[in-house]
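Subject: Structure handover

Hi,

Here is the structure for your files. My notes follow below it.

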Amino acid sequence: MAVLASALLLSPATAAGEKGSAVVPVAQEPPQAQYCLNVVYFVGQGAEPVPGYRERLGALLRWVQAFYAQEMEHNGFGHRTFGLAEEAGGMVEIQLLRGRKAHNAYGCGPDAAETVWAEVQAYQAAHPEKCRSAHTLVVMPTLTEGAFSHARPGGVPFCGYGRGCFVLDYAQFDLRHLGERSDEGRALTKWLGGLAHELGHAMNLPHNDAPAGDFDRRGTPLMGTGNYTLGTTPTYLTKASCNLLACCQLLAPAGDDTVYYPEHAAAPELADVRLRVQGDTLHVGLRCRGAAYVNLYVQDPPYGCNDDYDAVSYDAPLAEDRDGYRRAEVQVDLADITTLPHVEERCGESALDIVCVARDGLHYRTRITIPWQQLPPDGVIAPGPLQLQEGY
Ligand code: ZN
């Protein structure tokens with residue numbers, strides 16, 4: 001169901017040319033969206049929502065919505081962003097859900113996320129009319145006991161979770177502290193940056209960094225360590241992140257009739273993948289069928305999903321269709337991957353991940369290892385047939 005936001009919103013303006021988000025609010029009209037983010041405020045027994053949560057969270061979400069719109073526009077996708085449903089009066093729709101367990105009994109580890117998620121899923125199954133999309137943001141109020149308080153929020157899950165994510169609420173979680181040089185301002189950057197980052201995961205985004213030169217030009221990638229900089233210093237979304245967002249259900253423009261995340265989709269196909277190390281350049285060539293976009297990520301081991309904040313991302317622009325396949329060529333300047341020590345030293349190994357993004361929102365990954373000390377004399381790595389796996 002399309003639920004359209006019509007009010008003006010606060011936008012993170014581009015205050016310094018190409019740089020990512022600064023903190024100057026400007027009024028801008030949000031785009032119309034076909035789907036909206038499910039925003040669920042989850043409170044266990046014996047606790048209450050933090051006062052003013054509808055106003056505070058509504059304003060924060062509109063700011064993040066505008067940040068994503070700004071970054072999509074910068075990357076050539078137009079003023080597209082995730083939809084937010086509205087209640088009567090123009091407030092952002094936030095669905096209050098009471099948990100079955102005591103609020104302080106859920107904890108904050110993976111088990112807690114799983115338990116809360118199961119209750120949210122049961123609620124959504126019982127209320128399909130309130131389900132706006134496949135993507136859900138769960139907000140839980142901070143604990144106020146033990147090590148936790150509104151001044152030191154925590155004790156509840158804070159992470160991405162499939163097409164959902166968990167963030168927290170506390171009394172000073174308020175846009176009016178944005179950019180302040182105060183404890184409240186610093187806390188806001190951490191928790192608002194965290195919200196925007198976890199929401200990125202909920203919208204199909206993996207971690208990524210960018211070539212070093214982009215740091216001077218644009219700032220810190222939100223899906224790298226930008227959760228600690230958003231609202232304070234320039235923070236942005238990489239082209240690789242925006243490629244994934246362009247195919248995310250939540251950013252579908254009004255009227256879009258794509259079937260998102262189908263259960264039985266044919267995976268894209270890669271062919272003629274070839275890497276060649278020549279001097280300080282890694283040349284990557286490939287042909288691809290069935291993908292709307294292709295991203296490359298270069299990273300050092302370990303490769304786990306929380307060890308990949310430093311995965312340097314590249315867009316692999318696809319040429320016109322030829323015999324069903326589209327060709328891409330990317331030149332990676334090794335000197336520009338300064339976050340990866342193994343690349344600089346040319347010892348050990350690195351990995352090149354190829355991620356194919358399908359129009360239906362599913363994305364597929366495969367990995368090629370680059371053994372720096374054992375490269376063939378001609379520097380060419382031709383891995384042969386590669387299997388793409390759906391998911392992160
Ligand atoms: Zn993350």
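The side chain of Thr136 makes a polar contact with the side chain of Asn38, at 3.2 Å. A polar contact here is a pair of N or O atoms within 3.5 Å; within protein, one must be able to donate a hydrogen and the other to accept it, and residues adjacent in sequence count only if both atoms are side-chain atoms. Thr136 also pairs this way with the side chain of Gln124, at 3.0 Å.

This is a predicted model: local features need pLDDT of at least 70, side-chain atom pairs count only at pLDDT 80 or more, and totals for chains, interfaces and linings use all residues. Residues are numbered from 1 along each chain as its sequence is written, and side-chain values use heavy atoms, with hydrogens and water left out.

Back to Thr136. The residue is found in strand E6, residues 136–141 (strands are DSSP runs of E, at least two residues, numbered from the N terminus). Thr136 counts as buried because its relative accessibility is 2% (buried means under 20% relative accessible area, 1.4 Å probe, protein chains only). Leaving aside residues up to four places away in sequence, Thr136 touches several others, including Leu37, Val40, Trp117 and Cys165 (contact means heavy atoms within 4.5 Å).

Now the whole chain. There are six helices and 19 strands (helices are DSSP runs of H or I, at least four residues). Buried residues make up 54% of the 392. Of the contacts between residues at least 6 apart in sequence, 68% join residues at least 24 apart. The C-alpha atoms fill a box of roughly 65 × 45 × 40 Å along the principal axes.

Best wishes

How values were computed:
Buried < 20%, exposed > 50% of the residue type's maximum accessible area, 1.4 Å probe, protein only.
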